[in-house]
Structure formats: structure tokens, C-alpha cells
Amino acid sequence: MTRIAAVHGVVAPHRHSQREITDMVARTCLPAGADRRALDRLHHSAQVRTRHTALPLDRYGELGDFGTINDTFIAAAVELGAEAVAEALREAGLAARDVDLLMFTSVTGIAAPSVDARLAGRLGLRPDVKRLPLFGLGCVAGAAGIGRLHDYLLGRPDHVAVLLSVELCSLTFQRTDASPANLIATALFGDGAAVVVACGARRQTATASGPTVVASRSRLYPDTERLLGWDITGSGFRVVLDPSVPDVVRKTLADDVDDFLADHGLKRRDVTAWVSHAGGPKVLEAVAEALELPDDALDMSRRSLAEVGNLSSASVLHVLRDTLAAGRRPPPGTPGVLLAMGPGFCTELVLLRW
């Protein structure tokens, strides 16, 4: 089975309280003199205390067109990604030249050459390293990425595969856009990165003490393309966020999880830890209700949301890192489920063995 050797998360350099970000959004998104009380209520209800951004807050009102914004994304993503990968490899007891596959995912910027290509020489990866840049999976990509690392390593059990997620959500905020979807996005999303280092069954490392990946399951729901995603516009990525997303989770998630677990002789009550994407309070409520989880089952996800906001694809990886931290690790040998949702609309499930 695939063994997770390390999970490392980092956040962007500029840390702000939710109030500071709310004030910035009011200045840049609302018309002059507009009543901001609805914005204040919305940002308060997001249950986010602090977030990190790639730029100082006063820079966001000065950003130019999509090209300028995307250039900012590339520069910041390379810096944050290099830091995250280097530290994750150190924690795994591996060198950059040990990496056989580097998978990179983001939905907040684009690059050609891709960010993974720009990192290869800087990190000292081998010239023959396999690269797989992914775009468009959005928040589900952290879970989907682990699933695809597992698929790769099943066929190459001597290899080391690395998943890097970098999401700079603040660079997608649409100035002067006071639509509900954009204001909700400004209440939830933050900037950060995460890395998973995984080893095939025959690859040994000195510090590979993380869980094994047993299996993954993908679920794509028909006729849901407009629930979540981007409209690509002249000013960049304009968020698509339908308020019915939690309802879809409530209607579909339990059956999908139960079928997945049943294929492995398990039931929900056997799962000792649920590692859920911290999408927002309404999404977390829907996950808890659909799966009939204990009140504290998603505390790690709620804590991550409060401390750093929704980091898109990196969020579930930050929650996984926190779950594996000293004093929080589930009982050895027990099953866990890692899950996330994203554009499509889709769900990705990963069965872990702690």
C-alpha cells in the first residue's frame, strides 16, 4: 500500500484578522458610501478569525489586469511551493533527487511552464522527474491528488511521489464586485500551500510513520456544473458559488461514503477520524448532518477554518497534517476517511489506515 511519509502545510506571509480583511473588502468591493452592515454580518458568520494573504492588504486595491495578477500568482506560488516541498522532504527523510513524480495543483492561477517545472531546478529535482500539473479540480484537488498519487504508486511501488498544492485565493477577489458569491468568497478564502510526500509499498524511508492509503473513490454528480467554479473574465477568475451546495452534500454524501466503506467491509462507526475539507461552516454542517457524526468529529476542520480560512485544495491537507500532529493521531491500525468536494460538482473520498 501507499505510505504517506510526510504532510507539511505553510501559509502566505501576511497574517490578518477577519476584521482587517472585512475593512479591505468594504473599501474595494462596495460602492462609496454603501451600507456595509450586511458585509459585516456575512464575514462574522463565516467563523474565520484570521487569514493569510500573499500581498499586504493595501496592495489589493492597486492590482491591475488579469495578466498582472497572474504574474503575481506565479512569483508567489513558486516561493511558497519551494518552501513547502523542501520542508516536507526534510520531514520525510528524503532528498529532492529521490522524487520520481511531482504533481502540482492549483485553481487560483495558471502558468506555462507550469509551477512544478519552475520548481524542478530550484529544488534540485532530477531532470527525468515526472511532472503532472492539474488545474480545475478546485477544493477537491487535495483529496483527489492523494488518490492519484496512490494510483501511480500502485504500479510503481519503488517510487516516491509528491503532491504540491498552492492556492492564492486572495488574488482572485474581484474588486468592485458586490455580488453575494464574491462577498462570500472574500469572507472565507485564504492563501496557503501544502505538500504530501508518499512512498510506494517497496520504498522505505526512515521517517515514514504516516498512514497508508487503502483506496480512493471519485463521484461526479450530473447536471451540477454551475454549482461551483470560475467564470473566466477579463478581470480574472470570477467565483461561481451556488447556495445549494450544502443541500447537495446532504442528499448525496452518506450513500457515497457508505458504499465506499462497504466495499472494504467497513461502516461509518468503524472510522476513527474524519478528515474533511474546511469549506465553510455551512458545508461542514452539511457533512456532519449527512454522516450523522458526533459533535466533535469535525473539530479539526473547524479549527483550521477559523485559523487560516478555506485554502481551497490545500485545506484538507492542512487538516490531515493537524490530525497527524503529536497528541492527535488516531489509534494505529484503525480506518480513517479523508474527503473533499469541488467543481463538477464532485466528491473525492480516500480511505486511510492510521
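Is Asp151 buried, partly exposed or exposed? Asp151 is partly exposed, with a relative accessible area of 41%; on this scale buried means under 20% relative accessible area, exposed means over 50%, and partly exposed is in between (1.4 Å probe, protein chains only). Before going further, a word on the ground rules: this is a predicted model, so local features need pLDDT of at least 70 and side-chain atom pairs count only at pLDDT 80 or more, while totals for chains, interfaces and linings use all residues. Residues are numbered from 1 along each chain as its sequence is written, and side-chain values use heavy atoms, with hydrogens and water left out.

Let's stay with Asp151 for a moment. Its side chain meets that of Arg148 in a salt bridge (2.8 Å, N to O), the term being used for a side-chain nitrogen of Lys or Arg within 4 Å of a carboxyl oxygen of Asp or Glu. Both Arg148 and Asp151 sit in helix H5, three residues apart, about one turn of the helix. Helices (H or I, at least four residues) and strands (E, at least two) are DSSP runs, numbered from the N terminus. Arg148 is partly exposed too, at 27% relative accessibility. Arg148 also forms a salt bridge with Glu348, where the closest N and O atoms are 3.1 Å apart.

Now zoom out to the domains. The domain assignment gives domain 1 (3-199) and domain 2 (211-353); such bounds come from an automatic or database domain assignment. Taken over C-alpha atoms, the centres of domain 1 and domain 2 are 18 Å apart. The contact between them (heavy atoms within 4.5 Å) takes 55 residues from domain 1 and 47 residues from domain 2. About 3,900 Å² is buried between the two domains, and carbon and sulfur atoms give 65% of that. Buried area here is the accessible area (1.4 Å probe) that two parts lose on being put together, summed over both. On the domain 1 side, Phe66, Cys139 and Gln174 lose the most area to domain 2, together 16% of what that side buries.

What about polar pairing across this interface? The rule finds one salt bridge between domain 1 and domain 2, and 21 residue pairs in polar contact (both at pLDDT 80 or more). A polar contact is a pair of N or O atoms within 3.5 Å; within protein, one must be able to donate a hydrogen and the other to accept it, and residues adjacent in sequence count only if both atoms are side-chain atoms. Among the elements that give two or more residues to the side of domain 1 that touches domain 2 are strand E1 (2-11), helix H3 (66-92) and helix H5 (141-155). H5 supplies the largest share of that side, nine residues.

Back to charges. Side chains of opposite charge can pair when their charged atoms come close. The structure holds 23 salt bridges. One of them joins Glu87 and Arg90, with the closest N and O atoms 2.5 Å apart. Both residues lie in helix H3, three residues apart, about one turn of the helix. Glu87 is partly exposed at 25% relative accessible area, while Arg90 counts as exposed at 54%.

Asp256 is buried, with a relative accessible area of 10%, and Arg219 is partly exposed at 36%. Leaving out residues up to four places away in sequence, Asp256 touches Arg219, Tyr221 and Leu349.

Most residues other than glycine have a negative phi, and most peptide bonds are trans. A cis peptide bond joins Ala112 and Pro113, with omega about 5°, and Pro113 is in the loop between strand E4 (101-105) and helix H4 (115-123). The bond from Gly344 to Phe345 is cis as well, with omega near -10°. Asp223 is not a glycine, yet has a positive phi of about 60°, and counts as exposed at 74% relative accessibility. Ser312, also not a glycine, has a positive phi of about 55°, but Ser312 counts as buried at 4% relative accessibility.
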